[in-house]
Amino acid sequence: MALSNEQYDALMREYNHKQARNNQIVSYRTKELYSAVPVLSQLDEEVSNISVSSITAIFNGKDIATASAESKEKLEGLRKRRVELIKSAGFPEDYLEPPYDCPDCKDTGYINGKRCHCFTQAAINIVYKQSNISNILSKENFDYFDLNVYDEDYYDPSSSLSARANAKIALERCQNFVQNFREKGGNLLLLGRTGCGKTFLSNCVAKALLDKGISVIYFTASELFRVFEEQTFKKNANMADIHDHIFDCDLLIIDDLGTEFQNSFTTARLFQCLNERLLRNKSTIISTNLSLEELRDTYSERITSRVFSNYEAIKLIGNDIRIKKVISNN
């Protein structure tokens, strides 16, 4: 996932700013605790002295294992005493822990020399220019998913479920997908006619996973194939970066599959995209207005077999929600 030097430097400045902010917060809280519980400063000084004494003892010929064990025992006793004093003064046990935005990399952007997932998403946001996604997801997330917009008197003949009951099941399945994402990953196929909430629901998933520090990219089908065309035929350097993100991100969302202009190129690239992500154990969500039968008729057997075998199908039914909202607002 290539960034220009300028983009990389700007991103690292953000991480440096986070670390400086965390240091300031810890420094302020330390002074606050020392003022409330003066003995804490003495305990912290003892911790430093024990570490120095242990090193000195080793230099003076003491067995390393013995010195280390003695030091560890003393430090553990001081740690427990320290926690007791902090809690007795009415502060949380972890009050002096830095308030990391990303606890996994401790706001450094790297884990064991490799880019953290938070860095990956930040890079995607820069290269893909998804700065507007926050505005969309602030309104389209699980908190705003309203089951009441689905009719109770609209029924699916195949299941005898009302549109609202069906939407409730779809919502629960998507929430389970988010809850189990880190352990299980997986792929979703959102089916349904125009305006039944497929895009809204995929945005709910995107917001929830982004909040967990998981990298997500959203494309309409037309946008996705435009990237493939630009990278293949025009060798656009900017598109090359986005192209890499398509295959590397934790979750790729392809919205409105079937609305793109279809030819042998789009079919071939769709298969490559879906197959490559399956091989890399990367997750994908596809939403489409096409039925399963129409998908089979529209795309190659290689594509539909991959989707039908590896994707959990979730169907939404009902009248066009967007039209209902327009009517209700007038």
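Trainee: Which strands does helix α9 lie across, and at what angle does α9 run to β4?

Mentor: Helix α9 (residues 221-233) lies across β4 and β5; helices (H or I, at least four residues) and strands (E, at least two) are DSSP runs numbered from the N terminus. The model is predicted, so local features need pLDDT of at least 70 and side-chain atom pairs 80 or more, while totals for chains, interfaces and linings use all residues. Residues count from 1 along each chain as its sequence is written, and side-chain values use heavy atoms, without hydrogens or water. With axes fitted to C-alpha atoms, for helices over the stretch in contact (heavy atoms within 4.5 Å), and N-to-C angles from 0 to 180 degrees, α9 runs to β4 at about 100°.

Trainee: In what order do the 5 strands of the open sheet stand?

Mentor: Strands pair when DSSP finds at least two bridges between them, and here the pairing is parallel. The edge strands, β4 (216-220) and β7, each pair on one side only. 5 bridges join β4 to β5 (residues 251-257), with Val-216 opposite Leu-251. The order is β4-β5-β6-β3-β7.

Trainee: How far apart are the end C-alpha atoms of α6?

Mentor: α6 (residues 163-179) has 17 residues, and the expected span is 1.5 Å times one less than that number. That should give 24 Å, which agrees with the distance in the model, 24 Å.
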